[in-house]
Amino acid sequence: MTPFAKAIIDWQKVHGRHDLPWQNTTDPYAIWVSEIMLQQTQVTAVIGYYSKFIRRFPNIHALSQATQDEVLRHWSGLGYYSRARNLHHAAQKIVGDFGGVFPQQFEDILSLPGIGKSTAAAISTFAFNQPMPILDGNVKRVFARHFGIEGWPGAPKIEQQMWQIAHRENPKENAIAYTQGLMDLGATLCTRSRPRCTDCPVQPTCIASLKGLANQLPTRKPRKMLPERNCVMLIHYHAGEILLEKRINTGIWGGLWSFPEAREAPTDAKLLPPLTHTFTHFKLHIQPVLISGTNQIASNALWINLDEAIEAAIPTPVRKILLQLKTQKAA
Ligand code: SF4
């Protein structure tokens, strides 16, 4: 057993959580339901839902025979509803393919809808005492900090490195205390913000703590840098009316009404406050400029009353500019 695993086990026995409603049982059904609920939800929020769910659906058969609507109703408020749909499907699959008995083989557990490698490992460890390494969000945080792993844990390379650590550290004995201990450590001491390193059983060997990197690890998901574009929107305004152009039918604003655009602001134009609009694929920096007087207009353009323009099929930034103009003109 590695020193890391031993420290976690010793700590769990004394300081870990022992009285959660899904502990002190080896019923795979109860453990499975709790693991699915815990996937994206904090323990404190899960407790109430879990007890109600188990009371209404006490076993695989009860769950498999319920309607999806009823299962979803008992999940209502927990979020990520695909978890409930998968749970329901999986219960039916266990009845259909495994005679209503929760499968013990790791590959069979993994084949059930909504069960990934880490959840299958937790069920395998807690219900069948077949130790398999887990790697959920909490464990990734503990590993990233303790072993000083840089890089976003969701990146395949980093995740693979963490699975190797998970396998290496997973003890052959006391696996239940170890697995529970890792979960407890991540949930109670090695928390996302302000980890309590002074109380941590693995602090003496923790790279993040020793190097003062606990706030930087795990590395955050890299933000995609969006390409940026610039445009000048020409706001022709005359006698309470505005000039709008219908855009061609393709592109992001295809078919909508907008202002004529230019690469540069005409020298005699008045600059209005610039604004930025973020699309999923790029950022658009808009410089609106006010042009007074009437020009010859293109066939796809029209003069329209300012209030009517605001109600027309226009993109959001165009509406913002029009509303700003309305306030300005009213002042
Ligand atoms: Fe997390 Fe601090 Fe423990 Fe390191 S010492 S594992 S950062 S709680």
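Analyst: The largest cavity has a volume of about 120 Å³. A cavity here is a set of points on a 1 Å grid over the protein atoms alone where a 1.4 Å probe fits but cannot get out, and lining residues have an atom within 4 Å of a point. Grid points are joined across faces, edges and corners, and the volume is the space filled by probe spheres set on the points. With a cut-off of 30 Å³ or more, the structure holds 1 cavity.

Keep in mind that this is a predicted model, where local features need pLDDT of at least 70 and side-chain atom pairs count only at pLDDT 80 or more, while totals for chains, interfaces and linings use all residues. Residues are numbered from 1 along each chain as its sequence is written, and side-chain values use heavy atoms, with hydrogens and water left out.

Back to the lining: 16 residues make it up, and Cys190, Pro195, Cys197, Cys200 and Cys206 lie nearest the centre of the largest cavity. Two or more lining residues each come from helix H9 (137-146), helix H11 (175-189) and helix H12 (207-211). Helices (H or I, at least four residues) and strands (E, at least two) are DSSP runs, numbered from the N terminus. H9 supplies the largest share, 3 residues. By type, the lining splits into 11 nonpolar, 3 polar and 2 charged residues; Ala, Val, Leu, Ile, Met, Phe, Trp, Tyr, Cys and Pro count as nonpolar, Asp, Glu, Lys and Arg as charged, and the others, Gly among them, as polar.

Lys140 and Glu159 pair up through their side chains at 3.7 Å, N to O (the criterion is a side-chain nitrogen of Lys or Arg within 4 Å of a carboxyl oxygen of Asp or Glu). Lys140 sits in helix H9 and Glu159 in helix H10 (residues 156-169), so the pair ties together parts that are 19 residues apart in sequence. Lys140 is buried at 17% relative accessible area, whereas Glu159 is partly exposed at 26%; buried means under 20%, exposed over 50% and partly exposed in between, with a 1.4 Å probe and protein chains only. Another salt bridge joins Glu169 and Arg168, with 3.0 Å between the closest N and O atoms, and Glu169 counts as buried at 5%. The whole structure has 8 salt bridges.

Between H10 and H11 there's a loop that holds Asn174. Phi of Asn174 is near 55°, a positive value in a residue other than glycine, and Asn174 is partly exposed at 38% relative accessibility. For context, most residues other than glycine have a negative phi, and most peptide bonds are trans.

Finally, past H12, the loop between H12 and strand S1 (228-238) contains Pro218. A cis peptide bond joins Leu217 to Pro218, with omega about -10°.

How values were computed
1 Å grid on protein atoms, 1.4 Å probe; cavity = no way out; pocket = protein on both sides within 12 Å on 5 of 7 lines; lining within 4 Å.
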